[in-house]
Amino acid sequence: MKILDLAIAALVVVAIGAQPALADDCHPEIDLQQPQYTLGYGSLMEDQSKRRTVANAGPNLPVRVTGYRRGWIDPGRGPGPQTTYLGIRPEQGASMNAALYLLPDRQEIAHTDAREYVYCRHLVPRDRVTMLDGKPLPDGQVWVYVTPAANLGAPSPETPIVQSYVDIFIHGCLEMEDRYQLPGFAAECITSTHGWSPHWVNDRIYPRRPFIYRPAASRIDRLLQAHLPAIFPQIRIE
């Protein structure tokens, strides 16, 4: 989720009184007779980030999803400094790991639609979702937010990948790896994401002592260095 966009989305929610979003081509009608689940594949994989939008969301459950490819494909637009964010596109044969969590009511779907307003909410066929905790897939509809084709792009000097966003993403992956004892889950978050680029800036506060502000900084950096050995040394500090 984009930091600037999060602030805008919050204003949208306030303005509409957190009313349910109207159905449209990007936000299909939901079946209120069924439980509603969302797949988080970027910032929504981190508990703290997710609960800023949906405070009473269900716990993050580890899953693998086929038919979608995650990547750095969504450059920011508008005035001021911008960055490139994670998105997904349908792709046959692709897979990614992700977090599955319950949205307890329709209002929470409206909150999430507002947060992810530049994406389109797609209904995911249940046979594309495999639980990684050994339990059966819960009953209900499963949604994921897909990057529209019109928004596609790549990291550039003007819209780089930023470490603060990478940290939220990978920290969420580490949370799930530790919680469910899934060795390699965080590494899969990296290897199943395409579009890693040398157009990447380290915007952590006081990056020479990042653990003060991001306790998992050392673990995140070791993972990135191990799985992106050609790109990691090129990250520039801002």
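Helices, of at least four residues, and strands, of at least two, are taken here as DSSP runs and numbered from the N terminus. On that basis the chain holds 6 helices and 10 strands. The model is a predicted one.

Of the chain's 238 residues, 53% are buried. Among contacts with a separation of 6 or more, 79% join residues 24 or more positions apart.

Leu-224 belongs to helix α6, residues 217-227, where the buried residues are Ala-217, Ile-220, Asp-221, Leu-223 and Leu-224. Viewed down the axis of α6, these buried residues fall within an arc of 160°, and therefore they line one face of the helix. Arg-222 and Ala-226 are exposed on the other side of α6. The cover over the buried residues of α6 includes helices α4 (163-179) and α5 (185-191) and strand β9 (200-202).

Helix α4 also takes part in ring pairing. The chain has 4 aromatic pairs. In one, the ring centres of Trp-72 and Tyr-165 are 5.6 Å apart with the planes at 65°; planes over 60 degrees apart count as edge-to-face, so this pair is edge-to-face. Trp-72 is in strand β2 (residues 61-75) and Tyr-165 in helix α4, 93 residues apart, and the pair thus links distant parts of the chain. Tyr-165 also forms an edge-to-face pair with Tyr-85, at 5.4 Å centre to centre and 70° between the planes. Because Tyr-85 lies in strand β3 (residues 84-103) and Tyr-165 in helix α4, this pair ties together parts that are 80 residues apart in sequence. Trp-72 and Tyr-165 are buried, and Tyr-85 is buried too. Ring pairs join Trp-72, Tyr-85, Tyr-165, Trp-196 and Trp-200 into a cluster.

Charged side chains also sit over rings. Lys-50 lies over the face of Tyr-101, 4.7 Å from the ring centre. Arg-121 has its charged end over the ring of Trp-143, at 4.7 Å from the centre.

Definitions and conventions: Residues numbered from 1 in each chain as written. Heavy atoms only, no water. Buried < 20%, exposed > 50% of the residue type's maximum accessible area, 1.4 Å probe, protein only. Contact = heavy atoms within 4.5 Å. Arc of directions from axis to C-beta. Phe/Tyr/Trp six-rings, centres within 6.5 Å; stacked < 30°, edge-to-face > 60°. Lys NZ or Arg CZ within 6 Å of the ring centre and 35° of its normal.
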